[in-house]
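Let's take a friendly walk through a protein model, stopping at a few spots along the way. Keep the sequence and the 3D view open as you read.

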Amino acid sequence: MILRAHPRAESGILRVVVVRRTGCQQRLPGVDGAVMASWSERDLSRDVRTGWCSVLVILFLCGCSSACADDRLLFFEQKIRPILVQHCYQCHSAESPELQAGLRLDVRAGWQKGGDAGEPVIIPGEPADSPLLRAMQHERGVSAMPPDQPRLSAAVLAEFSQWISDGAVDPRDGEVPRRDRQREWESEFQERLDWWSLQGPVAVPVPVVTGSSWVRGPVDHFIMAKLEAAGLEPSAVADRATLLRRLSFVLTGLPPQLSLQQQFLSDVSPDAAERVVDQLLSSPQFGERWARHWMDVVHYTDTHGYEWDVPVKHAWRYRDYLIRSFNQDVPYQRFVMEQIAGDLLEPRLDSETGLNESLIAPLMLRLGERRHGDNSAAEGISQEAVSSMVDTLGKAFLGTTLACTQCHDHKLDAVEQRDYYSLSGMLMSTRFSSRTVDAVDPNVSILESLREIRGQLCAVLAKRWLEALRDGDSSTFAAVLQAVPADQQAGPSVPATLLDYWKRARTNPVTGEQFRVEQQLRIAANAANLKVLADFSRADGASGWQWDGFGMRHGLAADGELVVSEEGDRAIVQLLPAGRYSYLWSARLAGLLQGPEMDPLQPVTFSVLGVTGKFASQAFVVDRALNPERMQFPSRPQPVWSTVTAGQFDSLEGTVDAAARRVYFELATKSLNNYFPPRVGYGGVSEAECADERSWFGVSRIVQHAPGHPPQDELRRFEPLFSELSGESDWQRRLRLLVQAAVLRWQQHQCTSEDALLLNDAVQSGLLPVDLAGDAETADLVASWRQTASKLQPDRTVGSVAEWPEGRDDRLAIRGAYTDLGSTVPRGMVRMFPEDQPLNAGESGRLRLARRLASERNPLLSRVWVNRVWHYLFGAGLVRTTDDFGHLGEQPVHPELLDYLAVQFMRDGWSTKRLIRGLVLSAVWQQSSLADRRAIDVDPENRLWHYRPLRRLEAEALRDSLLMVSGRLTSELYGPTVEPWRVAEDASKRLFRGPLDGGGRRSLYLEMTLMEPPRFLALFNQPLPKQTTGRRDVTTTADQALALLNDPFVLEMAGHWSRMLVQDGSGTAEERAAVMLSRALSRPPSAAEVEGLVLLARESAQLRGIEPSGMMAAEAVWADAAHAVFNLKEFLYVP
Amino acid sequence: MSRKSHLELRPYTGNVSVSRRAWLQSCSLGWGWLAWQGLAADEGFRADLLPHVAPRAKRVIFLFMDGGVSHVDSFDPKPILTERSGQPAKWRPDTRSQAVSAGRKWLGSPWKFHQHGQSGLWVSSLFPRVTEVVDELCVVRSMTGETPLHGAQSLLLHTGRSIAAAPSIGSWISWGLGRENVQLPGYVLLNNDWIPNGGFQNFSSSFLPAMHQAALVRAKGTPVDNIVPADSRDLQQAKLEFLRGQDRQFSERQGGADEIESSIRNYETAARMQTLVPDLCDVSKETAATLSMYGADRTDSYDQLYALQCLRARRLVEAGVRFVEITCPNTHSNNSPWDQHGELKLRHAENARITDQPVAALIRDLKQRGLLDDTLVVWAGEMGRTPHSSGTDGRDHHVSGYTIWLAGGGVRGGMTFGATDEMGMSAVENPLDIHDVHATILHLLGLDHERLTYRFGGRDMRLTDVHGRVIRDILV
């Protein structure tokens, strides 16, 4: 009902009046119909306005009080209905001009059914839980109602609360047509499906044109047809030097090499251009250039920004993957599938690097701003991550603004809100995990050698140990024992180490009775308490646990296995109980161990028998959280039981989403730790530690138990002391025989886990010698081990993804608010591309999504990519809005050409290189940048492509050109990022200053942090990498002029070039100037141009007080000339 | 070869037609504004929108107290908190409170509170100089945020979003109002190379035209990147002469392409900016009394730096910049300047020492120059700090109730608005969120926050998203 002067609402008033007057009168049960007959809500509302309402109502109610059995009904009529009419009906009644949120408040069934969320908005008896009242109270997390008005008075709110408490009696019968909105949406949706970009591309016949001397291929036919129709002529073909410079920049992002210039300018054969194109397409710089384009699409960064700017785990490997993929011309279809679900595809092996390329690709899903930690705002955090992923998927692959549907059905395109949550369920059934991406194990033969050395070392050590255990006081064993003082204060407890038994032996020896009583207690306690969760001593003993990394893959150790020292003066680190140890061969190999899902609301206490060291982490990872801050770096050098409780997830409880979050336990070495290096200083990690590649952990067994009842050592290894050796009164001998028996079993490969513990005890306490100094044979073997082990190639790891064992659906967030959740939405594809078969319960659906998006049935994938390629080659797309093919995007002037290209692209096996080749060899692309004046008048925006506009170098191309022309560019490909040069450093965010010239590396190797991307590049419109950028801004600003005039990088490049020229020393000033111009502008300069530059050099020499005779050797002079050349507009703009 | 001084250079006035498109492309990226000095029209903003309401203020100075000043130690006295200091802390759960460890204790303020000025506003001894201008302040004690994280809150404070890429409030205002002075950028950030949490996104124009992003003026060293000529005047002149000849030919060969012509003109402007910008930032022409009032004569380098920035802020708004933001220097390896989880007494006092005198002087100076009436000063961090602590000398992040203040520009001075509970935990009276403050700032500038929209990604985007109400009770 309308109370405010609102233009749109006027018609609503009229309609309400008419409807109410023609019927629909409300009846109160038990009240005389005649009395009620004329009471309409419209009248009420009008009366409310005029102040008459209450008077009338009171009069009326008094008049029939005896007839109204139910006071609660009166209360509704008196207090509640007027307010609903006055404040709610405008948007929430049958007469609302536009029913908001699908919620009706003019009939009882309306609030019972609720709005789009499908849940009641009033819960009788529960005012505090009634969404309507919460909205009226303007509580956090719900939309304040009535909107844009002050809160209703406290008295009114109290009355509503009272009404709900009293059962929310409401006499207003009437149906809410359940599917109304749905039916409307359905027909709307079907109409939207007719949109041009959602129809499959059709290969139309190539148009016939009359200007056939100009056209070279089908693309030109399409262009020419439209030009002819408009009565326009295309521009002349660009001159050869211009063409070469243009080709070189679009294909490689660099100016042409001098040799290529010479080759092309002297090659007059008709296929000269084709040869150059093929040469450029096959150069490694092609991949660098096109990888950078893709990095814009997926908003590549090396960090997650936000507060701590933590790294995206080894993101640079993804950048290298992109370079290789473009250079190898991986079919685009496959490339796209890899980005979304590469972890689930058949691995694609790169033969040169031995990497599993597909497993690197899903790093794409992780790019974007991510908060640290897994704190109380877990829902908000995951919502942000999902939103960023959905936005990127939509824009990058579909040219559709999917992320809009986080809050509501798309306003114009065929995407509904449920689509967003179908996708988010799929994406969030994924866990973010670091993976070893080596497809082949590079270490197999080295491990064989090491195994052999270790066998020999075992034999040598066994011999040494038996010698150390020989009878008599002169043995090592005896000597060590003798040096240990007797324990004067030996307590009643039964010891667990050899030395402790020995200490007790001389004052208060442990008796067999004591031992047996104690042992029985422990055995009983264990039997009552322990439940084995995982046994890593057997290859199949840990179901539900997953591991990764060479360290873990090769880490299965039998009882008594040796860990050989990689450094120091000891031969071994320890003897292990059977289990899986990441450092069995080297602490440089990686390991990751992930447990099964746990219920965070039912805390589990368990103990792990294992080791951790050098900042290997132990963490509880909460689903959806990228950077788990429930992570510790315990230092446990020797195998011990340590107890953890999977609890303290308080902040994850009581969230609006009642479903418990998924939690799992994880152990990881640095390189497979998703969140390493963590934020600066976290857990006491120093920067030096971050750089050290070593770290390790290992597990033998994991047992669950009640809190406070950890596993007890059952002391079985000491049993012989009180059985077969009990007759031995000499404790030294007794202990010696105990150890000797264990060594003998160890030597014969019959070692038990108790033997392993006993022998390790003996080694660690020095009873058995492992020093290198004492034995040449040991020293040689260990030296040989160390030398061989140093050849081991550590895992190459990257932040990738893995599946949860089971998929989980998401709930729809009403208006996108994660505090206000609606119904569960099944995981699945967006509706506009229906999937034929429903998902299986155990399937996340990500693989299906990848296949469906990358299928030929998706009309958008090829169109969007072909259009992007056109954009990169021509400076604008056939569809100018490269990321939006929906109603808010621009429609193509050449839809048939776009379709032709899309179809041809798929027929060509999704080959990007063939697509590019065809386009750059077309007449339309090779046109001059000089447009015909008349054509500009007719088509100022060049929609018909009557010329090929000149373009400013992109940020990277400019910087790379400066490096190349000055001779500073290195041809090195790939590798970790290079810090950009910065004015100021910030160690707390690891923003350090790199070399001014970036070490001569191309711009795509500079570190892209979300916090502070390289400033020189940002000046020239490198986009802030937060979201998909298909089309970069191209601004022309005075700041850019200032940078080229004064920036230290530009000056350093000028200096570098000058040094090279002066060192070369040959030729005259004119010859030098000609070389410079030719190199910078990719064309032979005119004599006047050469003269101009020489004049500048002379001017510089004069101003610097340099004699003309010394000019050729003066670096400062030629640096000035070089600096001036860098500032030429022709250097910056490519015609 | 002719010898001209930089200032004698004139922009090209030849028969070069510069299209509107190229023209607008040129007006971008902060200091690039200066490219258009001398041109009367200003097409870079939404003139069709304005004004929505009668403006009270023309410009804003935003004093960003990065890291979160403790409200219970500054402007929100809590005697009961002091009484119960050291006792175990218990409070009603509030979803916006940071999840904290058990065993926390109330921590009373180590600073004493007194009433000041005619208005009798309460200010602690942390800010002795601000007390002198207290009758100008409107202290809002009932701010609330979303999540107790710096990055989230800082982005929320600047852009109205805690994560998405959205324009900064300075960019919105620059875009919405256009420039008061066409020679200057609309949004200037007086920074000291400390990048706050949330990164440069805090100052970004995002989807608004690039010219509305913050132009950065550094406190130390060279105030603006690349503004100091690399060459002597004569040498630069010689290079520019060479370029002029070459570029003209290139442009002719390209049919006088817009982009090239714009680029050529930018060189003339850039040459001129080398003098103009340092002049604007140079405070040496200010009187000794003014310098001393701001505390620019103090010996500590951080003290000097902040004083200098406050003085520059006044010079910039005086010259017509719409939105000037000043960040605090980060003196120690805190996460951010005011983020005192420990060393509260030492570091809060240090930050206060650095900022107190210049801030007070800024208000006094604006007032005496008649600028305070239409200049809105906003003093705000992204959060407050917990009244409880796990130690004895530190406080954690707090967003369920904290304090900011505003002054001048149509805001009532000498008043407090809103309140937290007796311990300073939650806003209980007139709770506000950052969107409300944004709506109010825009309102004071004559902009309706619901009508200041920009179509992007299929939506009419607003600074306040779908939230925000003007806080009418604090308007004059």
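Helices here are DSSP runs of H or I with at least four residues, numbered from the N terminus. With that in mind, note that this model is predicted, and find helix α9 of chain B, residues 344-368, where E350(B) lies.

Is E350(B) buried or exposed? Its relative accessibility is 14%, and buried means under 20%, so E350(B) counts as buried. Apart from neighbours within four places in sequence, E350(B) is in contact with T331(B) and H332(B). The side chains of E350(B) and T331(B) are joined by a polar contact of 3.0 Å.

Next, look at the nonpolar residues. In soluble globular proteins, nonpolar side chains tend to be buried together. In this model the largest nonpolar core has 130 residues, and W294(A), Y318(A) and F397(A) touch the most other members. Helix α32 of chain A, residues 859-874, gives the most to this core, with 10 residues. A second, separate core has 122 residues, including V1050(A) and W405(B). Back at W294(A), its contacts beyond four places in sequence include Y318(A), F397(A) and W865(A).

Now for some backbone details.

| Residues joined | Omega |
|---|---|
| M145(A) and P146(A) | about -10° |
| F676(A) and P677(A) | about 0° |

P146(A) sits in the loop between α8 and α9 of chain A, while P677(A) is in the loop between β15 and α26.

Finally, A101(A) is not a glycine, yet has a positive phi of about 55°. A101(A) is partly exposed, at 28% relative accessible area.

Terms used
Residues numbered from 1 in each chain as written. Chains lettered and ligands numbered in written order. Predicted model: local features only at pLDDT ≥ 70, side-chain atom pairs only at ≥ 80, totals over all residues. Heavy atoms only, no water. Helix = DSSP H or I, 4+ residues; strand = E, 2+ residues; numbered from the N terminus. Buried < 20%, exposed > 50% of the residue type's maximum accessible area, 1.4 Å probe, protein only. Contact = heavy atoms within 4.5 Å. Polar contact = N/O pair within 3.5 Å; in protein donor to acceptor, adjacent residues only side chain to side chain. Core = buried A, V, L, I, M, F, W, Y, C linked by side-chain atoms within 4.5 Å.
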